[in-house]
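We will go from the whole chain to a few selections.

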Amino acid sequence: MNRFDSSPFDEDEVNPFSNQGTASSRLSPLPPEPYDRGATIDIPLDSVKSLKEKEKELQAREAELRRREQELKRKEDAIARSGIIIEDKNWPPFYPIIHHNIAKEIPIHLQNVQYVAFSTLLGLVACLTWNIIAVTAAWIKCEGPAIWLLAIIYLLSGVPGAYYLWYCPLYRAMRTDSALKFGWFFIFYILHIFFCIFATIAPPFLFKGKSIAGILPAIDLFGVDAAVGIFYFIGCAFFFVESLLSLWVIQQVYMYFRGSGKAAEIKREAVTKSMMAAL
């Protein structure tokens, strides 16, 4: 008998459809659960009560917020009717101390004049600050401390005075087109121009000693100390440029004031007030 009769590649015939014990290895399915349509889900009464309480609380908060909103709107309307304007401080950006927004609050045809007017306010700050530097140099070299104290007073009183007396009236006049604000601006801006012109010259009968860096103190001090004299000449140039810019601003504002008919309006208001006072 040949031992190589059986082939190693022969496979046993297996019928995949034959039932050879596989039925026992299958998992039997779970029986279906009965469905009862009349069954009810029990919800605790405590949870229902808590939901109702929360709903009432939310409604009370909503009513309170609505009441506060109505009260706030009523106050805003009362403030608007009284003419009071609430302004947020936004300038300078790093430390806001004043409200200033020319681009959004001033009409576009007046923004150029308003920007130059604001430049004259900043120019006054620069003039009086440099004046303190020049006077300090003169105090160290040849003058007494009285002129330094006067220079400090000029800065501390001049800058807030300029802002509240003529810049704010001009800003509000440009924004609201108020004839009264224009008149207030003209009065104090003329005084500002006179101060700048006198500071440029700095006559001794108006300013004590060398407390203002004008042309006359600069000439006197240049012969004593050239460096101090140069400081005073620079201060004189500052005041001169400030005077020129201020003259341009008042000319432009006056041209708009006359062209818009505000001059006639302020005259009528003055006549009306005088008549009411007489009656």
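Helices here are DSSP runs of H or I with at least four residues, and strands are runs of E with at least two. By that count, this predicted model has eight helices and zero strands. Colour the chain from the N terminus and you will follow the order α-α-α-α-α-α-α-α.

Stay with the whole chain for a moment. Of its 279 residues, 28% are buried. Among contacts with a separation of 6 or more, 60% join residues 24 or more positions apart.

Next, centre on Tyr232. Beyond residues up to four places away in sequence, Tyr232 touches a set including Ala134, Val135, Ala138 and Ile147. Also among its partners are Lys210, Ile212, Pro217 and Leu221.

For the last stop, pick Phe222 in helix H6 (residues 215-224). Is Phe222 partly exposed or buried? Its relative accessibility is 42%, so Phe222 counts as partly exposed. Setting aside neighbours within four places in sequence, Phe222 is in contact with Gly229, Ile230 and Phe233. Draw a distance between the C-alpha atoms of Phe222 and Phe233: they are eleven residues apart along the chain and separated by 9.0 Å.

Conventions. Residues numbered from 1 in each chain as written. Predicted model: local features only at pLDDT ≥ 70, side-chain atom pairs only at ≥ 80, totals over all residues. Heavy atoms only, no water. Buried < 20%, exposed > 50% of the residue type's maximum accessible area, 1.4 Å probe, protein only. Contact = heavy atoms within 4.5 Å.
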